[in-house]
Amino acid sequence: MWAVGTAAYQTEGAFDKDGKGLSIWDTFTRGGNRIKMGDVGSDSYHNSQGDIRALHKLRVSHYRFSLSWPRIFPNGTRGSRNPAGVGYYRRLIARLKGIGVEPVVTLYHWDLPDTLQRAYQGWTHPLLVDIFKDYADFCFKEFGNDVKYWITIDNPFVVAWHGYGTGMVAPGIKGDPALPFRVGHNLLKAHAAVWHLYDERYRGTQGGKISMALGSHWINPKKNRRENLRACHDYPHCMKKNLSFKLPAFTDSEKATINGTADFFALSFGPVLSFHLINESLKFGQSEEFNMRKLLYWIKAEYDDPGVFIVENGWFVNSNTKTEDPKHMYYLKQLIMETLKSIKYDNVHIIGYTAWSLVDGFEWDREYGIRRGLFYVNFDSPDMKREPKTSALFYQRLIEKNGFPLLPENKPVSGVFPCNFSWGVAANSIQVEVTPSQFVDPSIYVWNISGNGDLKKLGESKVPPLRRTHCADYAAIRYQVSQVRRMHVSHFQFTLNWSSILPAGRVSEPNTTLLGYYKCFVSELLRANVTPVVALWHRTDKHSGLPASFDAKTGWQSMETVNAFADYARMCFRELGDHVKLWITLNEPNMGDVGYMVGHHLLKAHALAWRVYDREFRETQKGKVSLTLLMDWVDPAYSFSREDVEPSIRVLDFRIGWFAEPIFGDGNYPEGMRKWLQQRNTLDLFSYQLPMFTEEDKKLVRGTYDFFALSHYTTKLVFQVVEEKLQYDDNLQVHSIPDPTWMKSPGKVYVVPWGLRKALNWVNSKYKNVPIYIMANGVDEDQSRFQDNLRVYYIYNYINEALKAYTLDGVNLQGYFAYAFSDQTDPGFGLYGFVNDELIVKSSLMHYRNIIDHNGFPGPTALEQDCAQQPEPCLSCHFFAQRSVIAFLSFVAAAFLITAGLIIYYSRRCK
């Protein structure tokens, strides 16, 4: 059952029309510090047709609403029956039936007739049990033939605890600590009396079901001790002992009467007052958690797997939110997803789900300060028109699909990458230990055989080294390269340390030892049949990546740094270029909050470095050069109209197009970026000056690439409405939000595999058929978890999305690099763990290696891919094939002459 709900006092209005009596809420909102009242609400009494149209649009099967007790019995008893009130509900039920929607009717949703409160002190008096029973009897007779689901009392906890304890809700009584427990006692008895009434008189003819709606949250034990677990799921012994004077006692007869009086478990879960405990007394020292799935499982286990009808569920948005409410939409998605998991994985017997609420209304203690409706209501308009919100459109589509069916485009595919596909691993840096092994160490040591066995260096005594230092003498290089080989990757990417190579910032004063170490590292990679991919610069959260002399000045804001980078690049190309054929000038220059002038200079720095290589080194070294852009995907939070997509397009222009378009496009910044900033400059007091490219600049920057390199980790959602200032980008006027149903890492990296495919297609659509390398793709996980299942899932699904982009979308994908090599250099992201100076293989490494070995995901019936190396062309072979006899004789003659010459030479030398 897909349902939506409302409560009478929140939405009906017409508080004194057509003979209705006052409720305790009508009087409560006129006293104390209350500011606004629910006299009009969303005026459903006069606009029930608007509610019917809203229900018809949603396509729900059930509608939960409550009867206003004082509208039917103005003074609370049968003698005051109000025909107008009864007629209103008859017409409402008939209209529901007319559009195929079944009513779910609540007898009491907190609006007790004020007459009963004044006469009997409300629910504190036991006489209310029989009065409520008589009211229910009347409702069953009048409406029961058309109603199959009844709720006796909504959330008795709120009525008892907050109505008669904290005073937060009507009737607003507080001061007597025992009173809430007496009220709760009477509410239970009233419910049981009504259940038995229906069971004995009406069930046989009407065939309905009846229960009481219980609101709850989940409580986690602070520690997994037995007493903590008991405190979460039962009254602890101390409560029974200390509250014995407050808790009314049930007789054996009352226990028998109350037990079993529910045909289903009616659950309310959301931001209702059951979550506002005011004090910690009812938590018993434990912690609260917003987790409906755990609560549903507990209900199943505790109460022998009852049928559960979720009769209220949802969230809220601020009062200034109108029709765009993505926060509410994604909370709904999360809650419904938890419901489905409970059904599919926990085998909880859930019979229905109710989103709350149909329309905006009066929100109890928060008055009109929040909105919970799926339909927006302008409370200041005379007609109070219902307008569907984003959440309503989402709920409508979800009902249409009956859940979240797996989209065909998100299903894994089988297939392989091309034979020359580059499989790599990336690291921000490598371990540098420039001290070679003992074979080239000139120092003299003494072995301390009587002590701990350590070698002790003898002062400054030295002997001539046995031989020159070889690259294989560096133990750190040997170890790292051996571990890279163990991964079966064909490429390894790392970043040089500019500030360490040129401590003074001048190419005339390099650190030759470190340069030699880097040269050894890349040459040893090549010896291991691993292609090095070297980045010249990368900024981290802790370090700018610049030599101190430039960092101390103005960094990238100065053209001096730009020119120095070009000189540094030239030196690296010269020293390492014979071994490095893939270069990255700037690694993720668009990461973080980069100023427009800094971005301008970074683009020039890249362009100058690329031009240096192209002009001075390409012909001899035959390498390729580009830069790597951080390209996390940005998707619209919802896409029900063309306007919904505009915020994501804007963010992509600013985050990626800013650096991509000048290089891969027309040599200028994206048109959308330029227009947006021009518009903002005319509207705001702030200046958003985007530097201009001269024609000379455009010529310098445009086309400075040999491939498109990107790093990708996650996806985020954006929309234009302001909901929370902390997540709002005032410059771009967009609000960021994650989908709460997405998996996330300890570092809050959301796992969204399909975002990579969209990013690849965006590049391909913008810059047709450009070769693309995914230079970094990874997720963090607890470093102590070598069985890193999240990363296993991440790598498998992200690579599968890359395969879809290659095989299905025609993206010219050339390579994939997992991030990162080890936790030693990239804590939390490594495919190797790092413990006691040793690299430890994680599960993710083995899974990644398996994908590499199969070059993707070949199907079970696929033939083995033939990736055998083609032999080098033999120029002389063609000659032999065409002139076999002549060629053979010529070959024999040449061999004879060479042999004879050698014999003569050595015989004379011996003499």
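## Worked exercises on a predicted model

Helices α5 and α7 run oblique to each other. That's our way in, and one thing to keep in mind throughout is that this is a predicted model.

**Exercise 1. Work out why α5 and α7 count as oblique to each other.**

Step 1: Find the helices. α5 covers residues 83-98 and α7 covers residues 127-143.

Step 2: Look at the packing. The angle is about 45 degrees, and the axes are 11 Å apart.

Step 3: Compare with the cut-offs. Angles under 35 degrees count as roughly parallel and 65 to 115 as roughly perpendicular.

Step 4: The crossing of α5 and α7 is right-handed. On the α5 side, Val86, Tyr89, Arg90 and Ile93 make the contacts, and they meet Phe138, Glu142 and Phe143 of α7.

**Exercise 2. Now classify how α20 and α21 lie relative to each other.**

Step 1: α20 spans residues 559-576, and α21 spans residues 596-616.

Step 2: Their packing angle is about 30 degrees, with 9 Å between the axes.

Step 3: The cut-off for roughly parallel is under 35 degrees, so α20 and α21 are roughly parallel to each other. They cross in a right-handed way.

**Exercise 3. Zoom in on Lys604: is it buried or exposed?**

Step 1: Lys604 sits in helix α21.

Step 2: Check its accessibility. The relative value is 15%, and buried means under 20%, so Lys604 is buried.

Step 3: See what it touches. Leaving out residues up to four places away in sequence, Lys604 touches Met559, Val562 and Asp697.

Step 4: Look further along the chain. Leu700 is 96 residues away from Lys604 in sequence, yet their C-alpha atoms are separated by 7.7 Å.

**Exercise 4. How many disulfides are there, and what does the link between Cys419 and Cys867 look like?**

Step 1: Count them. There are two disulfides.

Step 2: Start with Cys419 and Cys867, whose sulfurs are 2.1 Å apart. This pair links distant parts of the chain, 448 residues apart. Cys419 lies in the loop between β15 (415-416) and β16 (422-426), while Cys867 lies in the loop between β34 (856-857) and α29 (875-882).

Step 3: Read the handedness. The torsion about the S-S bond is about -80 degrees, so this disulfide is left-handed.

Step 4: Check the surroundings. Cys419 has 44% relative accessibility and is partly exposed; Cys867, at 36%, is partly exposed too.

**Exercise 5. Describe the disulfide of Cys471 and Cys520.**

Step 1: The S to S distance is 2.1 Å. With -70 degrees about the S-S bond, the link is left-handed.

Step 2: Cys471 is in the loop between β18 (455-462) and α16 (475-486), and Cys520 is in helix α18 (residues 512-527), so parts 49 residues apart in sequence are tied together.

Step 3: Cys471 is partly exposed at 22%, whereas Cys520 is buried at 10%.

**Exercise 6. Step back: what share of the protein chain counts as buried?**

Step 1: The chain has 911 residues, and 54% of them count as buried.

Step 2: It holds 30 helices and 34 strands.

Step 3: Take the contacts with a separation of 6 or more: residues 24 or more positions apart account for 77% of them.

Definitions and conventions. Residues are numbered from 1 along each chain as its sequence is written. This is a predicted model: local features need pLDDT of at least 70, side-chain atom pairs count only at pLDDT 80 or more; totals for chains, interfaces and linings use all residues. Side-chain values use heavy atoms; hydrogens and water are left out. A disulfide is a pair of cysteine sulfur atoms within 2.5 Å. Helices (H or I, at least four residues) and strands (E, at least two) are DSSP runs, numbered from the N terminus. Buried means under 20% relative accessible area, exposed over 50%, partly exposed in between (1.4 Å probe, protein chains only). Axes are lines fitted to C-alpha atoms, for helices over the stretch in contact, and angles run from 0 to 180 degrees between N-to-C directions. Angles under 35 degrees count as roughly parallel, over 145 as roughly antiparallel, 65 to 115 as roughly perpendicular and the rest as oblique. A crossing is left-handed if the near helix is turned anticlockwise from the far one by less than a right angle, and right-handed if clockwise. Contact means heavy atoms within 4.5 Å.
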